[in-house]
Each structure stands twice: as C-alpha cells, then as structure tokens.
Amino acid sequence: MKLGVLFSGGKDSYLALQYASEENEIICLLTLESKKEDSWMFHTPAIEWTKLQAEAMGLNHLTKETSGIKEEELDDLKIIIESAVSKYSIEGIVTGALASVYQSTRIQKICNELNLWCFNPLWQMPQSVLLQELISNNVDSIITGVAAEPFDDSWLGRSINSSSIVDLLALESSHRINPAGEGGEIESFVVNAPLFTKSISVVKSQKHYSNFSGRLEIQEAFLE
Amino acid sequence: MSILLVSTCENKLSEREFIDPISRIIEHNHKILHHTKCTSSSILDFDKIIICGTSLKDTSYIKHLDNFQKLLYDFEGPILGICSGMHIVCSIFGSKITENREIGMFEVEVLHQNSLCKKSFQAYNIHNYSVNNLENFTVLAKTNKTPQIVKHNNKNIFGISFHPEVRNENILSNFLLL
C-alpha cells in the first residue's frame, strides 16, 4: 500500500515510518511547521531540519506552515494530506501517535473523511518499550527539547542511547516523567537510522534554556 | 489458561495498533493468529478467544462472515469480540451489521449488572459500523446511539463496540477471569 507519513523528525514518527516500511511503500513525508512552540498536535523543535531527513531517506517531502492555533492546525493537516493524495496518490497515512486520544481521534476523523487508511503502529506502546525499540531498531536520535523538572541543559543534544535511557528510566521513578517524553517532557530529532542512506551531522547548534525548559536550535547540519 | 487472539486486520501494519496492545495487557499464555489461518480444530487448543478490532477503513472481515460462523459457532469457551470482532460474533447469531459512526471518547452507560464492568465510564470508539437485530443478545451497556457491550443470552460470548485496550484494560482483565 502506498503510504504517507506524518513526520515531525522525532523518534516516534521515524519508528512508525520504519515499521510501516516493512510491508508497505512509503511515498512521502508530510510535515507541518507550527509557528507556535507548544502546538497541540505537532512536535516543534528542529522541524525545519526534516528536509535533511527526507533527503537522507530519498523520500518526497511536503511541508506546510500552520498557525499552531488548536483547531486551525487540523484544517492545515487536512490540506497537506489532501495535497499528498493528489500529488502522490497515497492510500493511507502513518502517524507516531502513541497514547493521545486527542491526537488519534482527530487524525482518524480526517483520514475517514478523506477515505484513507490510518495507521498508528506505536499506539499504546509503553514508554520503556518504545525506548528499547529505538535501540533494537538502531534509531539514533538526539534530544532537541526538554520541558520538565529536573532536566538541565546538559540534556539538550544528548543522544538517546542505552546510557541516557537508564537515566530517563531513573527519572521516571524519581520525578514521574514519561521516560520517552509522551507528556512533552523531551523532544527528539533522528540523525541516523536504517532507512537513512547518509547520516546527519550537526555541526553548529545553540542551547536555549531556562527553568527546566529548553530547546536545541540546530544552526548548521549536513549529510555525510 | 490459553488464549487465542484472532486478527481481523487486512494490512499487517494494523496489528501493531489493534493486536499488540491487547497482547501486552494479557499476561496469560496466548497466541496470535490471523482469522484466515484459524481452523475449527486448531481453535480447540484454546480456552478463550478474543477477536480483535481493525482499522476504521478495513471492512475485509465482512466478506468472511460465513467462515467465522463455521469456525466459531460450536466453540464452547468464552469469546470476546472487539469492534469488528463484535460485528462478527453478533453476525454469527443473526444480528445485522449497520452503518453507525463513532470516533473518539464517549460516555458508556451500564444498563445491567455484568461481569465485565460495573459503573458508567468513558470509552474509545473508532467505528463506522455497529450491529442491530440483537434478539439473541442482551445489551449490557450503551452510548446514546450504540450498543457498547452485548452478551449472548445463553453463551459466554461478548461483543464490545469500543476498544477496551485504550483506558479500559480492566474490562479485558475481567473477561480473562470468566
């Protein structure tokens, strides 16, 4: 089946893409660039660098700017999906939705209205299982956003690997964070993975951080 | 106890969404089989059967209702049909599948005391179809437009319209206690 992936550049949407590619044909990535940093629907840090990820995977990439206002985002989501249908004849959409009934309900409704299949392969996956799946599927990602106590700025730019997963799971016990960031505690950016023909090298970045909230601004990156 | 999870998913990718969450909740010994791989003799190895739901756009199971009837009619253990699985178990006993859309969280009112749930609750529904002609079933719970939990009048066969694996795992646990 020809599918488009709702792609934020983070670990969840990449892992969903990789699962979907096992028995389906991934035709394009769809990325909404929210003007608002705390979008209801869409992951935001480093989103402008999704074009490099699309290039690394050799996939078509549709992008659209969205206001970030709660329900207007959904109109923009519908518009970008419609353009993927008309441009690439996709038959369905893949998302990295994991636990948010708010997200999944709205995406399911849009796909239903457009007579498209909707696939959410991470749905209901426990946070610790998701982190292990990243390791076992060789997904290399870095943390590009934090928004919870006790994250300090040393977390920005840190790889999600066996060592950081141990620390994230410890924070689940001590501070009740969702270790894979389902509550928005962390945001991530995939820099290398099995579907990448080249990896992404981040050569210049800047941390913006205060009071347990921060983001990594990627300023220069290239494929190598 | 051994449990069979029956997949009704046409595209294997949907099994990550509709089978795997149930598989993770069930701690008992269980096996997952696509319905086209099930036979009348192979299902006798199991004590209970759960027929899992599928994607909103997936109606492939409707073409196989006769096969489900041959497969399940004589199974004596408890059966739980979720969403498409509810359509299947109800069809086996004379109900009709009808268009009826609910997508999102809905308040479910409990009408009769039963072994799966006690008080009213919110449930996650994603369906374009439901069932009517429920003469052989008792409606145990409903939203304002849809039967949500039904039980066969003489057998331990349940149909659930919503997805208990989302926020109502206790309903699955209660089924396993039957």
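## Exercises on domains and strands

The C-alpha centres of domain 1 of chain A and domain 2 of chain A lie 20 Å apart, with domain bounds that come from an automatic or database domain assignment. This is a predicted model, in which local features need pLDDT of at least 70 and side-chain atom pairs count only at pLDDT 80 or more, while totals for chains, interfaces and linings use all residues. Residues are numbered from 1 along each chain as its sequence is written, and chains are lettered from A and ligands numbered from 1 in the order in which they are written.

**Exercise 1.** Describe how the two domains of chain A touch.

*Solution.* Begin with the bounds: domain 1 of chain A covers 2-119 and domain 2 covers 127-223. Next, the contact takes 19 residues from domain 1 of chain A and 25 residues from domain 2 of chain A, where two residues are in contact if their C-beta atoms, placed from the backbone, lie within 7 Å. On the side of domain 1 of chain A that touches domain 2 of chain A, the elements that give two or more residues are α1 (11-21) and α2 (50-57) of chain A; helices (H or I, at least four residues) and strands (E, at least two) are DSSP runs, numbered from the N terminus.

**Exercise 2.** Trace how β8(B) pairs with β7(B) and with β9(B).

*Solution.* Start with β7 (residues 137-142) and β8 (residues 147-152) of chain B, which pair in the antiparallel sense over five bridges; two strands pair if DSSP finds at least two bridges between them. A hairpin through four residues joins β7(B) to β8(B), and V139(B) stands opposite V150(B) in β8(B). Then turn to β9 (residues 157-160) of chain B, which runs antiparallel to β8(B) and is joined to β8(B) by three bridges, with K151(B) opposite F158(B) in β9(B).
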